[in-house]
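Let's walk through this model with a few quick questions and answers.

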Amino acid sequence: MASPPRRLRRILLGACALVVTLITAIGAGVTWTWAGADVSTVGTTQFTQPLHIPPLAESTVDTAGTRTFALDMQTGTTAFEPGRDTETWGFNGSYLGPTLRAARGERVRVQVRNQLPEASTVHWHGMHLPAAMDGGPHQMVEPGASWTPEWTVAQPASTLWYHPHPHGATEEHVRRGLAGMFLIDDAPSAQLPLPNTYGVDDIPVIVQDMRLRGSRLDGAHAIFRDIGFLGDRTMVNGTLSPYQEVGDELVRLRLLNASTARIYTFAFDDVRPFAMIGSDGGLLERPATLNRIQLSPGERAEIVVRMRPGERTVLRSEKLEAGLDFWSSRFSGGDDRFDVLELRAAPTLRPSAALPETLVPPSIPDGADSVLQRRFDLTLAGINGERMDMGRIDTTVTRGTTETWVVHNIDGMPHNFHVHDVQFRVLDYDGAPPPPEQAGAKDTIFLPPNTAATLVLRFDGPADPNTPYMYHCHLLWHEDVGMMGQFAVVEPGQQATPLPGHAH
Ligand code: C2O
Ligand code: CU
Ligand code: CU
C-alpha cells in the first residue's frame, strides 16, 4: 500500500490530468463551434430558380371608395427545392403573401382570417394608422376568427410590409413564412421618371435567412447565438438560389430585410455603385450613390441599379461592419457571406429615363418644435431595464407633438429599434449627422453595441388612451423575450390606461 503522501500525490496528479483533459475538450469544443460558426454561399450558388414575384393582391373598391383586400393566414407546403415539400405558413398561399398596393388618401380595409392552428396577428409595419388597427399584440386573432381593420392611407409613397406580432411568438410566425409587402403610391412619386413596372423594372426583394433539415424548416438557435435564428442560406421572395431576368437599363429593387435576426450588408459582386432612392418611409430628397447598404431586420431600401446588355451580376450580402469584437461578430453571423440574387440582363435593354436629381421634399420633422427628450437604453434584458408587460404603458405621448428620443444600445450585442405608427428622422447617429442611407424617413434603425441615435418623432395620429403602439428591437427573438415597450398617444392632459383584459 502507498504511504499517505504518495497516495495524495497520485490523487493530485490524477485530478490534474482530468482538469487538463476537460480544458482541452472544452477548448476543442469551442474551437469547433467557432470554426463552424461562419457560413458562406458566395461563389457556390448555382442560381437555378427563377425569382418568384409575389402577386399583387386583388382588391375590390366599394361605392364609398374603400379598397378591400382579403388575407388568409394558412398552413401549407412549399417546395423550396424541387421534389421536397416543406411545411410552411403563408398569406393566401403556402409561403409569404401577396403584395398589397394602395394610394395615399385611399380608405383601405383588410379582411384577415386566421386559419392557423394558433392565435396570431397581422401588423402593418411602417404604416401610420390608429392603434386599434395596428395589428400588434393587443389585436390577437384566434384560430378560426377574423379581424377587419380599416384606415385611411395618410403617408408618402413607400415600401412597407406586414407580418404577425403575437407577443412571444413573432420570430416563429415570421420564420415559418408569414410576411408580405405593402406598397403605397402617391402623386409626387408617380410624376418622377423612376422604374415603376411591378415585377419588370420594379422588383420586390424580400430577403430571409433559412435552414433546411431534411425537408423541414429548422428554426433552432445555434449555441452562443443570443441574436436568435440565423440560417445557412438566404432566399428571396421564398426562392432559393434565385435569378431574375431583366430587360431594362435601370432596375429598381425594393429591398426588405424580412429575416428574423440577420443583418445584411448588400453589395454587388463587382461592387458597382447603385443609387439609393428610398428608405423605410419613402423616397429620399435626392438619390444617394452607394456601393453597399446595410439593412437590419425590418428595414427597407429602394435602390436603382444600371445594367449592361447581356451581363450577369450577383447581389450579395457581405461581412458585417459594425465594430463588433471577433466573438460577437462570429456568433451574430457577422462573418457570413451570401449570394443573394443574380440579375441577368437581356442582350438588348429598353432604355430607361435618367434618374432625377431631386426626388421629394422631406416629410419628417426636423426637431425644432420638439417638446421633450426621452432616453431608451437597450439591452436584451429589456428597454430601460424593463421587460415587456402587456398591461403596462411605458410611454405616453401627446397627440400633435414632436419628441426627441435618444436610443442607446448599452449591450454587448447588436440590436435595432423600431417604432410603430411613425416615420422618424435620425438627427444624429453615433455622434455625427446620419449618413445618406439613414437620412430619410425611418421606422427602424440599426444599433451596434455602444451606439446611440437621436430620433425625432411626430405623433399626429388619433389619440387612443386605451390602446398602445409598440417600440421594440426587431431582432424578433429579442422582441419575443421582452425587448419591447408600449406607448400610447393621448389628447393633452389625458391619462393612458390599457383596456382591462388586455393585460396578460
Ligand atoms: Cu415589424 Cu412591431 O414590427
Ligand atoms: Cu412595426
Ligand atoms: Cu435586439
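Q: Are His123 and His418 buried or exposed?
A: Keep in mind that this is a predicted model. The cut-off for calling a residue buried is under 20% relative accessible area. His123 falls in that class, and so does His418, so the word for both is buried.

Q: Which protein donors does the copper ion (ligand 2) have?
A: Look for atoms lying 1.9 Å from the copper ion (ligand 2).

Q: Which strands stand at the edges of the open sheet of 4 strands?
A: The order in this sheet runs β5-β11-β10-β7, with mixed pairing. An edge strand has a single partner strand, so one of its sides is left without a neighbour in the sheet. That applies to β5 (100-103) and β7 (123-125).

Q: Which residue in β10 does His125 stand opposite?
A: Start with the strands: β7 and β10 (residues 158-163) pair in the antiparallel sense over 3 bridges. Across from His125, the residue in β10 is Trp161.

Q: What spacing do the donors of the copper ion (ligand 3) follow along the chain?
A: This ion is coordinated by His415 (ND1), Cys473 (SG) and His478 (ND1), at 2.0 to 2.1 Å. Written along the chain, the spacing of these donors is H-x57-C-x4-H.

Q: Why does the pair His415 and Cys473 tie together parts that are 58 residues apart in sequence?
A: Check where each one sits. His415 lies in strand β30 (residues 415-419). Cys473 is in the loop between β34 (469-472) and α5 (476-480), so the parts tied together are apart in sequence by 58 residues.

Q: What relative accessibility does His415 have?
A: The cut-off for buried is under 20% relative accessible area. His415 counts as buried because its value is 0%.

Q: Which residue in β23 is the bridge partner of Met276?
A: Over in the open sheet of 7 strands, the order is β16-β15-β12-β18-β23-β20-β21. Within it, β20 (residues 274-279) and β23 (residues 300-306) pair in the antiparallel sense over 3 bridges. The partner of Met276 is Ile303.

Technical notes. Residues numbered from 1 in each chain as written. Chains lettered and ligands numbered in written order. Predicted model: local features only at pLDDT ≥ 70, side-chain atom pairs only at ≥ 80, totals over all residues. Heavy atoms only, no water. Pairing = 2+ DSSP bridges. Helix = DSSP H or I, 4+ residues; strand = E, 2+ residues; numbered from the N terminus. Donors = N, O, S within 2.8 Å, 3.2 Å for Na, K, Ca; no water. Buried < 20%, exposed > 50% of the residue type's maximum accessible area, 1.4 Å probe, protein only.
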